[in-house]
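Here is a walk through one structure, taken a few features at a time. Keep the sequence and the model in view while reading.

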Amino acid sequence: MVPPNGPIDWTVGDTVGVPGGIRGNRARCVTVACAALEGADAPYKDGTSDATALFQAAIDSAEAETYVFIPAGIWRIDGSINLGANRDGITVRGAGMAATTIDCRNNVCINVGSSSDYRWNYPDTGNVITDGLTQGSTELTIADTSAFSVGQIVQLKISNDVNLPVISVGGAFEYLRRQMTLVTAKTATSLSVHPPIYGNWNHLAARVNLAQLQTDFVGIEDLTVDGSNGNITFAIMFEQAFGSWIKGVKVRHASNYSVFFTDTLQCELRESFLDELDHEGSNGAGLLVNTASGSLVEDNIIIEAFPNIEVNHGSSGNVFAYNFINNVDGLVGIDTNHGPHNSFNLYEGNVVHNLMSDGYFGSASDDFVIRNWLHGGGGVVGNSLTYCLSLKRFTRNYTIAGNLIGSAQHTDGCASYGQPNIGNGSWVGEAQPSTGDYWADWNPTDGVTIRGSLTERTDDMHGTITLVSGSLTVGQTPLLASASGEPLTSVIVTAVAGNSISIDSSAFATVLPPVGTVFAIGAGAGGYQELDLDVEATTIKQSNYYFYLGEIPSGEVAAEELSSSYYLTAKPAWFGDLTWPPFDPNDPTTVANQIPAQVRFLAQ
């Protein structure tokens, strides 16, 4: 019952969350600019006048290990509040979630960190990892460490493993699996790092790149960010940030994303309330996590967003625990994989209607789903009944243990394995790569079996491809890459006549290459439509209670006792008098237990 790549070390304050814990003892900023913010005239505090300049001046003046205090009021912000590179050790603190409101009108309301290395391509020589990529390792060997400094965030990029598989539906994207970590020491040819290495990757090509600019130990606390009067893509955005946190913050009516962690290491979101977005449907999330490691997302309320939590692009080693998550319409609660390849993430103790690894863009592996109540809409009065657990294609080595699955309202199973992409519960045929039965769109020899060339170009964005292998269907959106695999453009298939494929690139605003260009073609999200039998075959299912069965199935009964937690050693103080762990699969009546975030939500 132990997964091939077992649980990693998730230790709060060491390998996950802010190292050493959130800084709560900082002194109040007393600079002239901070005093001006605190003593601002009424038009600033009642939302009449734009307070962006006041906020920015106070933040720019603050010394490290101080907090900038925002008094009670409604503060209109027409621009962005920036805590950029090297504005380390500063907390922005309101008078309380119900007292201090920031009325945001800009694309990004609060921005912490830097985007200097969004491509993660520096250095470009001497950075190939030749040793140290074993689980638990803290030392990496490379040819030249001269570009690196102690205290820098670095990103490990691991080449795609076709045997797992690590795969993108585009077919042309390498280094999908990643880990963020920190340089703690170095020699001429070695980097000491922490957190340790998550996987056993020595057999794969890998490299390490660094963040040239970053922001450390910044906190956002005790306030509300309101996007009702603006058009906010990201209410709070952390990028290239280390050891930073959001605590006691409410976000409501963001246009797209309430909180965004991208290229971050050991950041926290806790005791916060990500309220509804300003729209229903897709193109948004309560919490969006891209290429982040060591995050601790704990004890939050996240409601009415699609999805509530979305995890993408090599995010690894994160903990999402004891959050109350709900959509009354049953849309996706936790999406563990919308952009590949996420791994070694822990989902524990959450009350959530459903969890999905959606497979839309590619693969995920080695995540742990432990002691949650996946209630399928049966946990809150008035919710739509929905599925509870759905692991779509390309999902490998998941551990599903100790969960309560469904509710008394469910009369049949609400867990599924191996279906094609999100929104598609049907399939044509089956695939099981572990036995050599591959998808029609892919094989491990060359990564893609669809190939062809542009044989007609009616204008810059319309033409005809003649296939020499594979097939495409009308409505599919394949990625055209060069013969060597470099991405060129995506297209929409508008007609199919045998091996003659009519294409249109106008939706992607890209120009087609010249006639005669030879393509390697990624199938896109509409490919890989077989049922992926290796999803369930590689999933460890242990001690899960299914309400529709009224029992733990005999095949899931384990001889050993399930751990109370995979990351906590004892009941946390913030649980108070509530039962911990809250859910016991051997006693289904424990669904009546509540987690702290749930108590706060129901008390509104």
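Which cysteine does a disulfide join to C104? The partner is C109, with an S to S distance of 1.8 Å. The model is a predicted one. Buried here stands for a relative accessible area under 20%. C104 is therefore buried, at 1%, and C109 is buried as well, at 0%.

This link belongs to a set of three disulfides in the structure. Another of them joins C29 to C34, at 2.1 Å from S to S. Both C29 and C34 are buried. The torsion about their S-S bond is about 90 degrees, so this disulfide is right-handed. The link of C388 and C414 has sulfur atoms 2.0 Å apart and is left-handed, with -85 degrees about the S-S bond. C388 counts as buried at 0% relative accessibility, and C414 is buried at 10%.

Counting bonded cysteines along the chain, the pattern is 1-2, 3-4, 5-6. C267 is in no disulfide, and the nearest cysteine sulfur, that of C109, is 18 Å away. C267 is buried, with a relative accessibility of 0%.

Next comes the backbone. Most residues other than glycine have a negative phi, and most peptide bonds are trans. W120 is not a glycine, yet its phi is positive, at about 50 degrees. W120 lies in the loop between β8 and β9 and is buried, with a relative accessible area of 3%. The loop between β8 and β9 also holds P123, and the peptide bond from Y122 to P123 is cis, with omega near -10 degrees. A cis peptide bond also joins L164 and P165, with omega about 0 degrees; P165 is in the loop between β10 and β11. E271, again not a glycine, has a positive phi of about 55 degrees. The loop between β20 and β21 contains E271, which counts as partly exposed at 28% relative accessibility.

Last, a sheet. Seven strands form an open, antiparallel sheet in the order β45-β44-β48-β42-β43-β47-β46. Its edge strands, β45 (487–490) and β46 (492–497), each pair on one side only. From one strand to the next, the twist averages 35 degrees. Within the sheet, β42 (450–459) and β48 (518–522) pair in the antiparallel sense over four bridges. G452 has F519 in β48 as its bridge partner.

Note on methods:
Residues are numbered from 1 along each chain as its sequence is written. This is a predicted model: local features need pLDDT of at least 70, side-chain atom pairs count only at pLDDT 80 or more; totals for chains, interfaces and linings use all residues. Side-chain values use heavy atoms; hydrogens and water are left out. Helices (H or I, at least four residues) and strands (E, at least two) are DSSP runs, numbered from the N terminus. Buried means under 20% relative accessible area, exposed over 50%, partly exposed in between (1.4 Å probe, protein chains only). Two strands pair if DSSP finds at least two bridges between them. Axes are lines fitted to C-alpha atoms, for helices over the stretch in contact, and angles run from 0 to 180 degrees between N-to-C directions. A disulfide is a pair of cysteine sulfur atoms within 2.5 Å.
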